[in-house]
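Welcome! Let us walk through this structure together, one question at a time.

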Amino acid sequence: MQIPEGFMLGAASSAWQTEGWHGKKAGQDSYLDDWFKHEYFVWHEGKGPDVATDFMTRYSEDVALMKEIGLSHYRTSINWSRFFTDYENLVVDEDYADHVNNVINALISANVEPMIAIEHYEVPQFLIDKYDGWNSKRVVDLFVGYAKILFERYGDRVHQWFTFNEPIVPQTRIHLDGLRYPHDLNPKKWMQCNYNKVLATALTVQAFRSSSQSGRIGIIHNWEFAYPRATNNQLDVLAAKRFDLLYNRVFTDPLIKGDYSPELIKLLSDNHILFNSTDEELALIKANTIDVIGLNLYFPKRVKTPEHQWDPSAPFNPRKYYSDFELPGRKMNNSRGWEIYPPMMYDMAKVMRDDYNNFPWFISENGMGTENERRFKNSSGQIQDDYRINFISEHLWWLLKAVHEGANCEGYMLWAFTDNVSPMNAFKNRYGLVEIDLEDNLARHLKKSGLWYHELIETKQLNY
Ligand code: BGP
């Protein structure tokens, strides 16, 4: 299948998952650094953001590989927790700011366009300790102050900005599921953090538009595509709809359309978790919708009407409204425990077309994490990751089919460029086009998929 001219083919990562702590100053912890310090033993093999891929000192090597593969874009983030030595008075850490500057310049010289998330889980722990993090509107203001500095310093060269990567994830893991440190179960806070990030996005969009910089601004959202067990069963359909409202449209409706849906507001009120907002804030959100959205899509969420009796005294959880459902005969990525369902790309395009008026979007993450990849090395030591080539091909095929039928999808960013660390899973699931060899001083080696992606970019032809 032909890949249209101008369709972005890049790869993604984030600052904290690659940088490592080289040059990090005392007090510059993000919430993930803090979690790692407290509970490093729950991270796979005790590895985490401390070393990561050491992008901090090895970025030139990595950018050279991006150039070799021919990436059109590299999507990453700037690490808020390292950008300041004083988060409240916005005193910039000039060493870190220089590093960011150097990375941006290196990317541009390599003809790789940077796409930058202003936060990819890198909220400073200091702001959590002092203000309860994203639960506080003070943190909203400090975030906007931070974003303005980024626009001033780098906006002449960065033209695609994203306020957050997966804004719902940290508070879901902390306040809703209790999986992450500090395990503070509190569904009302969960929703307040969600709202505060919507507000922070609108204020940042406003700041960007009143700056002198050109380009566009959006957000990266992990769309959890909810499929009902049976489309002809109204209760299953309702379960999927409520899941979708609570996990997806809670961000995409206000950010793209300017308004929360009345159904969601009712759901939140009925469960006593409606966020606190003012009329001025809601008007500001309406007036400052985003330009573009990146969607992270990995696996489908299959749901059915709940099988359990919900204890009315239990804290709210969306699980009240659904039970998980396993599709018989489903194809699995067993390393990650995720179903593989490529037509989801096509279904996503339909949602963007029908529910969001063909709003511009792109795949900001999709990829295949595999355990113990070393077992797939050939005699010259190259990982033969045909499973990844196949995974990308299948997903791209469905995406391009939608594009050929008119979807306003502008590109595909593979997760990830190199192997990197992720929360708790650390280096367990390898996602990269480029291997990071932990047994050989973090040496970088192109995998077979790296060469394949290069050819794909060169020929603009998907053979699948
Ligand atoms: C996404 C995150 C990434 C990355 C990826 C893979 O949700 O945006 O930061 O971590 O998931 O996750 P994992 O390594 O847990 O499979």
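Helices (H or I, at least four residues) and strands (E, at least two) are DSSP runs, numbered from the N terminus. This is a predicted model, in which local features need pLDDT of at least 70, side-chain atom pairs count only at pLDDT 80 or more, and totals for chains, interfaces and linings use all residues. Residues are numbered from 1 along each chain as its sequence is written.

Q: What is the mean pLDDT of the protein?
A: pLDDT is the predictor's confidence in each residue, from 0 to 100. Of the protein's residues, 100% reach 70 or more. The model also scores ipTM 0.96 and pTM 0.97. The mean pLDDT is 97.

Q: Which residue in E7 is the bridge partner of Phe162?
A: Strand E6 covers residues 160-165 and strand E7 covers residues 216-221. Four bridges join these two parallel strands. In E7, Phe162 has as its bridge partner Gly218.

Q: Which strands stand at the edges of the open sheet?
A: This sheet has three strands in the order E8-E10-E11, with mixed pairing. Each edge strand has a single partner strand, so one side of each is left without a neighbour in the sheet. The edge strands are E8 (226-228) and E11 (323-324).

Q: At about what angle to E8 does helix H10 run?
A: E8 is joined by three bridges to the parallel strand E10, residues 301-304, and Tyr227 has Arg302 as its bridge partner there. Helix H10 (residues 234-257) lies across E8 and E10. Its angle to E8 is about 170 degrees.

Q: Which residue of the E16 and E17 hairpin takes a positive phi?
A: Four bridges join E16 to strand E17 (residues 443-446), and the two run antiparallel. Glu435 stands opposite His445, while Ile436 has Arg444 as its bridge partner. Five residues lie between the strands of this hairpin, and the one with a phi near 55 degrees is Asn441.

Q: Is Glu45 buried or exposed?
A: A residue is buried if 20 or more other C-beta atoms lie within 10 Å of its own, exposed if 12 or fewer, and partly exposed in between, with C-beta atoms placed from the backbone. Glu45 sits in the loop between helix H2 (31-39) and helix H3 (55-69), and has a positive phi near 55 degrees. Because 11 other C-beta atoms lie within 10 Å, Glu45 is exposed.

Q: Why does Asn372 count as exposed?
A: Asn372 lies in the loop between strand E14 (361-365) and helix H14 (386-404). Its phi is positive, about 50 degrees, although it is not a glycine. Asn372 counts as exposed because its C-beta neighbours inside 10 Å number 9.

Q: Which helices do the buried residues of H2 pack against?
A: The buried residues in H2 are Tyr31, Leu32, Asp33, Trp35 and Phe36. Two residues are in contact if their C-beta atoms, placed from the backbone, lie within 7 Å. The helices they pack against are H1 (15-18), H4 (80-83), H6 (125-131) and H8 (169-176).

Q: Which of the 13 residues around the ligand come nearest?
A: A residue is near a molecule or strand if its C-beta atom, placed from the backbone, lies within 6 Å of it. The shell divides into one nonpolar, nine polar and three charged residues. Here Ala, Val, Leu, Ile, Met, Phe, Trp, Tyr, Cys and Pro count as nonpolar, Asp, Glu, Lys and Arg as charged, and the others, Gly among them, as polar. Coming nearest are Glu166, Gly369, Ser422, Asn425 and Asn429.

Definitions and conventions: Pairing = 2+ DSSP bridges. Axes fitted to C-alpha atoms, helices over the stretch in contact; angles between N-to-C directions.
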